[in-house]
Amino acid sequence: MKKFLRISGFVLAALATLVALGYAIENWRGARAWSAEQARIRTSGEPLVWPDLVPPPPPPERNVAAVPLFEGLFAYEPVRDVRGPNRRLWKGGPVLTRLSQTFLLPNPPESAPPKEASPNPALDLASTLAQLQNGTNYPSITPSGKPAQDILRLLESRKDAFDQLRLAAARPECRFGIRYDDNFEALLPHLAVLKGAAQLLRIRSAALLATGDRAAAADDVLLILRLGDVAGSDPILISMLVRIAIHSIAASAVWEGWQQDLWKPEDYQRFQAAVVAFNPRDALVDALRSERLFSTGLIDLLKDEPARYIAAFGNGEEASVPVALRVAPGGWLRFNQAALSRCLDGLAQQARATPATGALSSIPDPSVMKDLGPMPYTFMARMLVPAVSRAFAKADRSRANIHLVTTVCALERFRADHGGKLPESLAALAPEYLASVPIDPMSGTGLVYQPAADGSFRLYSVGTNARDDGGAGASKGNTEPLDWAWPPRTASGDSHRF
């Protein structure tokens, strides 16, 4: 019996030694892989920590975010946390509530009939008026029977906020008080506010057009575009996506005046200059850089404070750490850090190298490639990178929309200078009306342009499938149009939206 116990003890000790040695080797290998990846990033000149990517805030007098309208939105108060490092408590809730009540659209009335999808992005002023009147944060008015005038009366209660936005937009720089070091807990309360303000400005622009105040309507379109720039001032993926959404709102506002033939050549020229200030490809590159910093920092948190990580991605309550995470070697997380960094940096480099004639969505997802590495060293890259890659298609759609808007603006300026006639081809627009002929990123050739004898035209990108479907919109039962077209002035059976 004693001999058996001695042998059993020796075997158990040997096994424990082998396990400990295995853990030590894996931890060493993982740390070495992550250290090598950090050295590679540093040598390539790419950002390794947040100060490398996000510059210091500009002086208040130059900073859009420093106007009184946003004061206190990013206020934090230091608090002691007995369970871990000291943290900061966000105190900007009341400011966000005030801004939300000012800018966010109320829900439509419950009595409103279900609204069918319109083939054009035209704004229904009557239903929009009913929607605004359904909000308790708007004044009560007696309807005049003229929806545009009534909308302007309601939005007069937002005049001070709009005026502050206009003054802020004149400032050349923007940096909100985002706490990047908070990683996934970093708050971005300004994004919904800016999108809500853009939607209200689009409504006001349409109402101003209906009442004959074209110049003020054009100013509102330009302010929408500037709010898109402000939303995308921080190199974060969600900020880029909100900027794309706001640019779509602006495109609809431009279309609104175009389809009524109300804009003047000087309006189109201003719209062109403002629209081309946004380069979705460059924004995507910076967003991928930030995703790399967020993701690799997230693994640091998962390694150092797993309970906080689990609670944050659960229901916010304390949660037990899974056994697999407790027993897995820490080196495996370091391997995942390196794999995530390689994938996201690789995507950023390929996006940066993609020419204006190439589709970003054609870049292969590195997380599904065979040479990425075996599990469990790459499970987080395989889980997170595909979700990030979906932003490439949105960037392509935004690039196409920018080309559509700028081309239409150039066409209308050409028409005004040539007695109402359109050019036979888009080549006639360069270099006087366009710096160069826009290239469809989905086909690598020019946008499809078809002028008609009656003065109308068709203009479109071939869309996701890179096939010319004759400018067709979404087929029945689908939401994604076959081609990305500038919507026609008259309704059609196809659905064309920005």
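Reader: Hi! How many salt bridges are there in this one?
Author: The count comes to 22 salt bridges, where a salt bridge is a side-chain nitrogen of Lys or Arg within 4 Å of a carboxyl oxygen of Asp or Glu. Keep in mind that this is a predicted model, where local features need pLDDT of at least 70, side-chain atom pairs count only at pLDDT 80 or more, and totals for chains, interfaces and linings use all residues. Residues are numbered from 1 along each chain as its sequence is written, and side-chain values use heavy atoms, leaving out hydrogens and water.

Reader: Thanks! Which residue does Arg175 pair with?
Author: Arg175 forms a salt bridge with Asp234, and their closest N and O atoms are 2.9 Å apart. The pair links distant parts of the chain, 59 residues apart: Arg175 is in the loop between helix 6 and helix 7, and Asp234 in the loop between helix 8 (214-231) and helix 9 (237-259). Helices here are DSSP runs (H or I, at least four residues), numbered from the N terminus.

Reader: Is Asp234 buried or exposed?
Author: Asp234 is buried, with a relative accessible area of 1%. Arg175 is buried too, at 13%. Buried means under 20% relative accessible area, exposed over 50%, and partly exposed in between (1.4 Å probe, protein chains only).

Reader: And what does Arg214 form with Asp267?
Author: A salt bridge, with the closest N and O atoms 2.5 Å apart. Arg214 lies in helix 8 and Asp267 in helix 10 (residues 265-275), so this pair ties together parts 53 residues apart in sequence. Both Arg214 and Asp267 are buried.

Reader: Where are Arg415 and Glu412?
Author: They sit 3 residues apart in helix 16 (residues 391-417), separated by about one helical turn.

Reader: New topic: which residues of helix 3 are buried?
Author: In helix 3 (residues 93-103), those are Val95, Leu99, Thr102 and Phe103. They are on the same side of helix 3 because they cover an arc of only 75 degrees around the axis, taken from the directions from the helix axis to the C-beta atoms.

Reader: What do they pack against?
Author: Helix 6 (159-169) and helix 7 (190-210), with contact meaning heavy atoms within 4.5 Å.

Reader: Last one! Where is Met375?
Author: Met375 is in the loop between helix 14 (330-353) and helix 15 (379-389). Met375 is exposed, with a relative accessible area of 53%.

Definitions and conventions. Helix = DSSP H or I, 4+ residues; strand = E, 2+ residues; numbered from the N terminus.
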